Amino acid sequence: MKIQAVRGMQDLLPAQKKISRTIEDVVREVLAAYGYREIGLPQLEQTELFKRVVGENTDIVEKEMYTFDDRNGESLTLRPEGTAGCVRFAEQNGLLFNQVQRLWYSGAMFRYERPQKGRYRQFDQIGAECFGMPGPDVDAELLLMNARIWRKLGLDGDIRLELNSLGNPDARVKFKEKLAGYLQAYEQDLDEDSQRRLTSNPLRILDSKSSKTQEILRGAPVLSDFMDNESKQHFEGLRRLLDDNGIAYEVNPNIVRGLDYYNKTVFEWITTTLGSQGTVCGGGRYDGLVEQLGGKPSPGVGFAMGLDRLSLMLAEKMESSKDADVYVVSQGNAARATALRLAESIRDQLSGKKVVVHCGDGKFKSQMKKADASGADLALVLGEDEVAAGTVSIKSLREGGEQSTISQETLAQYCLDYFSKEN
Ligand code: HAM
């Protein structure tokens, strides 16, 4: 039997690697523009770190970690995420007490999940973590930075922001009790995962994908009723800052995230173009984590984006991009010669636009089908009549589909005006 790559671990062909490199370059540039500094983190950490940070009752710790004993008998784990290692790093290197830090890292993460499109057992993240800043301003800054990255990648139209606040830990404990109490009565009707979570981690039931469970949740108590005033104000402050800066979002009370360390702000950037694995970036605040790991208290907030998912999005976008901006159809030898000449004149005027001439014979109708399929905005039509009159017919392939006939001399200028209006 031939040896194959481990299930869920992707090979990246040159074209794929090129796309992920493009994304990394953009992210790197944007992070630098906001004053974030890159750090390097090990891929292996002591298992105990993830148990304590991510949480014993999370899917990650319960069933997804690659854990083994090294030759010394010490339990080590391939990092399933970057925040735990970053907090450990910042504390160990004395970067926290009375300081403000904006840090970022990138690299492979490992989770033993069921592989599918957009979900792998080894995947790349770029993460940013900020320390020492308790206010909502830095949360807003992280989201502005994300939005700038999506814009630069041309993905902003396909990614939306969902936002929630988890309040302080006390509020969450009270809410958890009430929620579990409510759901107990419906235990038999919950999906299998949610039944299991009812005792271990009832909050995670909120983001169950089962429609029956979501139906039951409609009558459940809501976290915002238990939220402390300070968290409420923090969340309102963040929403104001986002509104002022033109960042659109939807408040989704069901976002709880799959890691235990969050308080107050949590968010996910989601696309519908990738099927069920649509979260391309997630993050939030974790003000109690440094102290929980034995350091002096220092608030923290951050995010991580999935490079593999963003690469898929960008690749799909590039594939669906059109083959032509202008498609020239013609019939007869004289018309073909004119078509080639006119196409040259348009290319001289319009750099960056694709002008495709239909080569070879074919009925006008079948040539027009090709023009449509090419994704072009304009079809130019040249038949015997046009050649005799020195004109060219132009058909818009966009909605509306207007048609006009103009003189061949004015064609290049016509195209120039058309595409400059479009931009
Ligand atoms: P996360 O939501 O677990 O958060 O992961 C962040 C992103 O990594 C996801 O939105 C997704 O794009 C990507 N990702 C996660 N699992 C997979 C997978 N199996 N295959 C492909 N991509 C995946 C965290 O990891 C937190 N450390 C984020 C954070 C930083 N919170 C605060 N600071």
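## A guided tour: sheets, helices and a ligand

Start with strands S2 (residues 44–46) and S4 (residues 75–78): they run antiparallel and are joined by 3 bridges. Strands here are DSSP runs of E, at least two residues long, and helices are runs of H or I, at least four residues long, both numbered from the N terminus. Two strands count as paired if DSSP finds at least two bridges between them.

This is a predicted model, in which local features need pLDDT of at least 70 and side-chain atom pairs count only at pLDDT 80 or more, while totals for chains, interfaces and linings use all residues. Residues are numbered from 1 along each chain as its sequence is written, and side-chain values use heavy atoms, with hydrogens and water left out.

**Stop 1: around S4**

Select Leu44. Leu78 in S4 stands opposite. S3 and S4 make a hairpin, with 5 residues between them. Click Gly73 in the turn: its phi is positive, about 85 degrees.

**Stop 2: the sheet of 8 strands**

Next, show the open sheet with the order S1-S5-S6-S11-S10-S9-S7-S8; its pairing is mixed. Which strands stand at the edges? They are S1 (37–38) and S8 (250–251). Each has a single partner strand, so one side of each is left without a neighbour in the sheet.

Move to S6 and S11. They run antiparallel, joined by 7 bridges. Select Cys130 to find Val301 of S11 opposite. Helix H4 (residues 83–92) packs on this sheet, touching S5 (101–110) and S6. Contact means heavy atoms within 4.5 Å. The direction of H4 makes about 45 degrees with that of S6. Such angles run from 0 to 180 degrees between N-to-C directions, with axes fitted to C-alpha atoms, for helices over the stretch in contact.

Helix H11 (residues 307–319) also packs on the sheet. H11 touches S6, S7 (159–165), S9 (263–271), S10 and S11, and its direction makes about 45 degrees with that of S11.

**Stop 3: the ligand**

Pick out the polar contacts, pairs of N or O atoms within 3.5 Å.

- Glu81: a polar side-chain atom is 2.6 Å from a nitrogen atom of the ligand.
- Arg111: a polar side-chain atom is 2.9 Å from an oxygen atom of the ligand.
- Thr279: a polar backbone atom is 2.9 Å from an oxygen atom of the ligand.

On its own, the ligand has 660 Å² of accessible area, and the protein covers 96% of that. Areas come from the Shrake-Rupley method with a 1.4 Å probe.

**Stop 4: Leu293**

Find Leu293 in the loop between helix H10 (289–292) and S11. Leaving aside its neighbours within four places in sequence, Leu293 contacts Leu49, Arg52, Val53 and Val87.

**Stop 5: the sheet of 5 strands**

Finish at the open sheet ordered S13-S12-S14-S15-S16, again with mixed pairing. S13 (355–357) and S16 (403–407) are at the edges. Neighbouring strands in this sheet are turned by 25 degrees against each other on average, direction ignored.

S15 (residues 391–396) and S16 run antiparallel, with 5 bridges. Select Ile394: its bridge partner in S16 is Ser404.

Last, turn to two helices. H12 (residues 333–349) lies across S12 (326–330), S13, S14 (378–382) and S15, at about 170 degrees to S13. H13 (residues 364–373) lies across S12, S14 and S15, at about 170 degrees to S12.

Conventions:
A polar contact is a pair of N or O atoms within 3.5 Å; within protein, one must be able to donate a hydrogen and the other to accept it, and residues adjacent in sequence count only if both atoms are side-chain atoms.
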